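Dear colleague,

Please find below the structure that I am handing over to you.

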Amino acid sequence: MNNTRFATVLHILAMLADSEGVWLSSDWIAGSININPVMVRKELGLLQDRGWVVSRKGKVGGYMLQTPAKGISLADIYGLVKNTEVLGRKNRHTNPQCPIGKDINRQLEGLFSHTEGLVSGYLREITLDAFVKQFH
């Protein structure tokens with residue numbers, strides 16, 4: 001994954017899990033991550049669509065975790081925001097006349113698949129709750 005979406009969404013969820021029962025504003029969350037609140041609201045929308053977060057409008061509104069932190073694994077979060085393979089993308093137009101180029105993508109499939117399985121397997125072992133407990 002070549003972006004910060006996993007880190008951003010995990011940060012958002014960690015803050016919500018750590019503030020159980022408290023409505024957090026997107027501005028406040030954005031201040032902790034040090035990013036634009038619009039980016040936080042975009043990710044919060046995704047988390048609402050997934051059913052993990054609930055929002056309330058108004059002066060005392062904000063966002064709150066709706067799903068227990070013990071019920072969300074880091075693999076769940078990774079799967080939600082993943083947009084590319086762990087190892088990146090394959091070169092789509094390799095030289096078919098080259099002994100390596102003609103077969104490299106087929107060989108990479110197994111490597112990519114195995115690596116993805118290792119990452120997902122490891123992240124499946126860690127809940128959001130366990131991750132947040134590291135901060136206390």
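The model is predicted, so local features need pLDDT of at least 70 and side-chain atom pairs count only at pLDDT 80 or more, while totals for chains, interfaces and linings use all residues. Residues are numbered from 1 along each chain as its sequence is written, and side-chain values use heavy atoms, with hydrogens and water left out.

Confidence

The mean pLDDT (the predictor's confidence in each residue, from 0 to 100) of the protein is 92. A value of 70 or more is reached by 99% of the residues. Confidence is lowest in α5, with a mean of 91, and highest in α6, at 97. Helices (DSSP runs of H or I, at least four residues) and strands (E, at least two) are numbered from the N terminus.

Helix α1

Helix α1 covers residues 5-18. Its 14 residues reach 20 Å from the first C-alpha to the last, close to the 20 Å expected at 1.5 Å a residue; the expected span is 1.5 Å times one less than the number of residues. Of these 14 residues, 10 are buried, so α1 is largely enclosed by the rest of the structure. Here buried means under 20% relative accessible area, exposed over 50%, and partly exposed in between, with a 1.4 Å probe and protein chains only. Among the buried residues of α1 are Phe6, Val9, Leu13 and Met15. The buried residues of this helix pack against α2 (26-33), α3, β1 (53-56), β2, α4 and α6.

Thr8 belongs to helix α1 and counts as buried, at 10% relative accessibility. Apart from neighbours within four places in sequence, Thr8 is in contact (heavy atoms within 4.5 Å) with Ile33, Ile35 and Glu43.

Thr67 is placed in the loop between β2 (62-65) and α4 (74-81). The side chain of Thr67 reaches the backbone oxygen of Gly51 at 3.1 Å. With neighbours within four places in sequence left aside, the contacts of Thr67 are Gly51, Trp52 and Ile72.

Salt bridges

A salt bridge is a side-chain nitrogen of Lys or Arg within 4 Å of a carboxyl oxygen of Asp or Glu.

Arg5 and Glu43 form a salt bridge through their side chains, at 2.8 Å from N to O. Arg5 lies in helix α1 and Glu43 in helix α3 (residues 37-50), so the pair ties together parts that are 38 residues apart in sequence. Arg5 is partly exposed at 22% relative accessibility, whereas Glu43 is buried at 5%. Glu43 is also one of the contacts of Thr8.

The side chains of Glu116 and Lys82 meet in a salt bridge at 3.8 Å, N to O. This pair links distant parts of the chain, 34 residues apart: Glu116 is in helix α5 (residues 104-124) and Lys82 in the loop between α4 and α5. Glu116 is buried, at 12% relative accessibility, and Lys82 is partly exposed, at 30%.

Asp129 forms a salt bridge with Lys133, with the closest N and O atoms 3.2 Å apart. These two residues are four apart in helix α6 (residues 128-133), and are therefore separated by about one helical turn. Asp129 is buried, with a relative accessible area of 19%, while Lys133 counts as exposed, at 51%.

With kind regards

Key: Polar contact = N/O pair within 3.5 Å; in protein donor to acceptor, adjacent residues only side chain to side chain.
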